[in-house]
Amino acid sequence: MCGIFAYTGTKGKDASKVLLDGLLALEYRGYDSAGIYTPESGAVKTPGAVRELRKKIPADFKGKSGIAHLRWATHGEPTEVNAHPHSGGGDIWLVHNGIIENFQELKDMLMEKGHEFKSGTDTEVLAHLVEEKMNEVRPSFAKASEGKKSSVDQGLDGLFERAVLAALQEVHGTYGLAVQYKKEPSKLIAARMGSPIVLGIGDGEHFIASDPSPIVPHSKKVVFLEDGEMAVITPEMHTIYKLDSTQVGREITEIDWSAEEAQKGGYEHFMLKEIMEEPDAVRNSLRGRLLEDGSVRLKGLESVEDKLKNVKRIIIVACGTAFYAGQVAEYMFEEYAGIPVSVEIASEFRYKKPVIESGTLVIAISQSGETLDTLEAMREGKRRGALTIGIVNTVGSTIARETDAGIYNHVGPEISVASTKAFVSQLAVLALLAMHMGRQRGMKDETFASIAKELKLIPEKMEKILASTGAVKALAKKYAYARDFLYIGRTYNFPVAYEGAIKLKELSYIHAEGCGAGEMKHGPIAMIDRQFPTFAIALKDSVYEKMCSNIQEIRARKGPVIALGTDGDSLLAKIADDALYVPKTLDMLSPLLSVVPLQLFAYYFAAAKGYNVDRPRNLAKSVTVE
Ligand code: M6R
C-alpha cells in the first residue's frame, strides 16, 4: 500500500519540505523506498525510509510544486531505480499506488515504439504511456501556445490533460496517481481507480494524497475522488472529470480528525480499520488470478509449475495466526487436491529431524516474511531438498526472496499487531493454490466453477457481516466479566476456533483456549462452569449436528454459549445463550466468514477495557528473534 503526496502552491513554501513532511505522515502505511520530484530540481529516490530520502536531498533542491511517494513494492524489488516518481523518458513524471494488470502488453507496445525502460515496475510503463500519448496528441497543438496557458481553463482540451486521459483509457487494473508535466509546473493531475485519492483544498495551494493525513496540517478541506475520476489541480483551483470527459461537481468535506486519526481513516484503532478492509483485502488477493477458462493464474509460481505437478506431500510451516491459516489449508488440499498435508509449528519444525522425501513441497506462510522461526523452518526444508514456496504479504522480504517461488497477498501493510486482514487473505490465496493443484490432479470443471463462484462472492458476504457489528459489540460487553473463554469448532472451523482464542488472549490478556469440539470431552469440558463461556462455531455444514450436540453438552454443565451459525438457522438461538450469524458459503471457504465476528468480538472486548489494542503488551508485529 503505497503513499502518494503532491503539492502545488503560490504561498512561497518550499515544496520539498511540504512533501517530505507529508511523506512522514504517510509512513504508517508501510514503505520500502521513497522519492520526490520537482520540475525545478528533478527527482531524488532511495530505498528505505523518508529520513534516508531527506539525507539525499541536496541543499539547493528547490520547487514550488512537486510529487512524492512512499513505495510498498508489488512489481520489482525495493531498489532506488524501482522507487517512484517514474519518468516517461521526457517531461512526464508520475507516482502511482496500485497494480497495472496489462502492463506487460503495454510495455511491449511501447518498446516497439522506441521507449526504453529503466525499472521493473508497472508504474514506469504508465509514465511512458502518458509520454507516448503526449507525442500522439502534440501535433494538434500550436507549438507556440504550448505551456503558456493555464489549461485548467481549457477543461480537458489541454495537451497534458488529454494525454493523461487517453493513457488511462487504455489501462486495466488499479491506480491512485499523481502526474506532473515539467513544462506546466504549477498543474498536477490525479486519478483514481481502486486505490484511494483525496484532494486537499487550501488557500492558494492544493494537494493530492492517498489519505487526508498529510493534508490535515495544511487544510481541513478535502475532496474524495471516486473510482473512474480524474482531477486537475493548480494552486487556485481543482476540477474533477469522469474518464468519459464529463465534469463532476463534488462537495468539499471538512475533516474534523487529527493527523493521527486521519491515518486510521476515522477508526479508533488500526485493527478495526484493517478488519473493515477485509473485503478489499480478499479482492486484492484474488485480482487477476481466477481466470474465465477455469484455471488459476499464479504468476509467482510459473517457474516451478512442473515441479508442482509432481508434488506428493505438502508440509506447511508458520507461526501464530499464519499457522492457523495453514491448518485450514490442510483440509483444503486434502479434500480438493488429494495431497497429504502436515502443518508444523515453525519453531518446532526447525529443530526436528524432519523426513523429507522427494516430491515434498514446503509452504512457508508469513505476513511479514521476516518471522525468524518460519524462515529457518523453510530453510531446513530447503536444505533437505524440498521445493519451497512462500505465501507472503511483504514484497522483497527475506522469506519471499529465499523461497523457490511464491504468491504475494497484496493486502497492504498490516499495522495492528493482531493479524486480521492478512489471515483472510492467506485463506483466499491458499484456496487458489488448492484449486490450482487440484486442477493439475484432475479436479472436475463443475467443482472448480463452484469454488470460483463462491470465492468471488466472499467480499460481498464479508461486507454484509461488517455492515452490522452492533450485535458483536453488545456481546463483548455482556461477556466482559469472563476471565476464561473456550472456542470450539470442527473440520474447516477447527483452526478458526484456535484463531478466535489467540485473538482474544493477545488483545485482552485473559485465558482463552481453542479446542476441537470432539476433543472437548477428553479434558477441557472439566473447566466449564457458569463463569466460563464458550464460543461455538456451528455453521450449517457437514458437522452441524455434531456441533449442536457439543453445545448441548456445555449447556448441561451450566456453561454459557455464544453460537456462531449460518444465516437463517432458527435452532441455535434456542440451544445457545446467544447467537451470531454469517452468510452461507462452501464449507471450504467458511473460515473466511466465520473468523470475522471472532476478530470483532476480540477487538470490542479489549477496546471496551481500554487496552492498547494495536500494540498489546509483550508482543511485536514481526518476530525476528527466537
Ligand atoms: O508475520 P507472520 O505472519 O509470520 O507472523 C506470525 C505470527 O507472529 C502472527 O500471526 C501472530 O500470531 C499475530 N500477532 C496474531 O494475531
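Predicted model: local features only at pLDDT ≥ 70, side-chain atom pairs only at ≥ 80, totals over all residues.
Local features were considered at pLDDT of at least 70 and side-chain atom pairs at pLDDT 80 or more, whereas totals for chains, interfaces and linings use all residues. Residues are numbered from 1 along each chain as its sequence is written, and side-chain values use heavy atoms, with hydrogens and water left out.

Helix α18 spans residues 544-556; helices (H or I, at least four residues) and strands (E, at least two) are DSSP runs numbered from the N terminus. Its 13 residues reach 19 Å from the first C-alpha to the last, close to the 18 Å expected at 1.5 Å a residue, the expected span being 1.5 Å times one less than the number of residues. Tyr544, Met547, Cys548, Asn550, Ile551, Glu553 and Ile554 are the buried residues of α18, where buried denotes under 20% relative accessible area, exposed over 50%, and partly exposed in between (1.4 Å probe, protein chains only). Among the elements covering these residues are β21 (484-489), β23 (534-537), β24 (561-566) and α19 (572-575), with contact defined as heavy atoms within 4.5 Å. The charged end of lysine 540 sits over the ring of tyrosine 544, 5.1 Å from its centre; this criterion requires NZ of Lys or CZ of Arg within 6 Å of the ring centre and within 35 degrees of the ring normal. Just after α18, lysine 558 adopts a positive phi of about 70°.

Aspartate 211 lies in the loop between β10 (205-209) and β11 (221-224). It counts as buried because its relative accessibility is 8%.

The whole structure contains 18 aromatic pairs, defined by Phe, Tyr or Trp rings (the six-membered ring of Trp) with centres within 6.5 Å; planes under 30 degrees apart are stacked, over 60 edge-to-face, and the rest tilted. The rings of tyrosine 324 and tyrosine 498 have centres 5.9 Å apart and planes at 40°, so the pair is tilted. This pair links distant parts of the chain, with tyrosine 324 in α10 (residues 320-336) and tyrosine 498 in α17 (residues 494-508), 174 residues apart. Tyrosine 324 is buried at 14% relative accessible area, whereas tyrosine 498 is partly exposed at 27%.

The ligand is surrounded by 14 residues, the closest being Ser366, Gln367, Ser368, Thr371 and Glu506, with a residue counted if one of its heavy atoms lies within 4 Å. A polar side-chain atom of serine 366 lies 2.6 Å from a ligand oxygen atom.

Technical notes: Polar contact = N/O pair within 3.5 Å; in protein donor to acceptor, adjacent residues only side chain to side chain.
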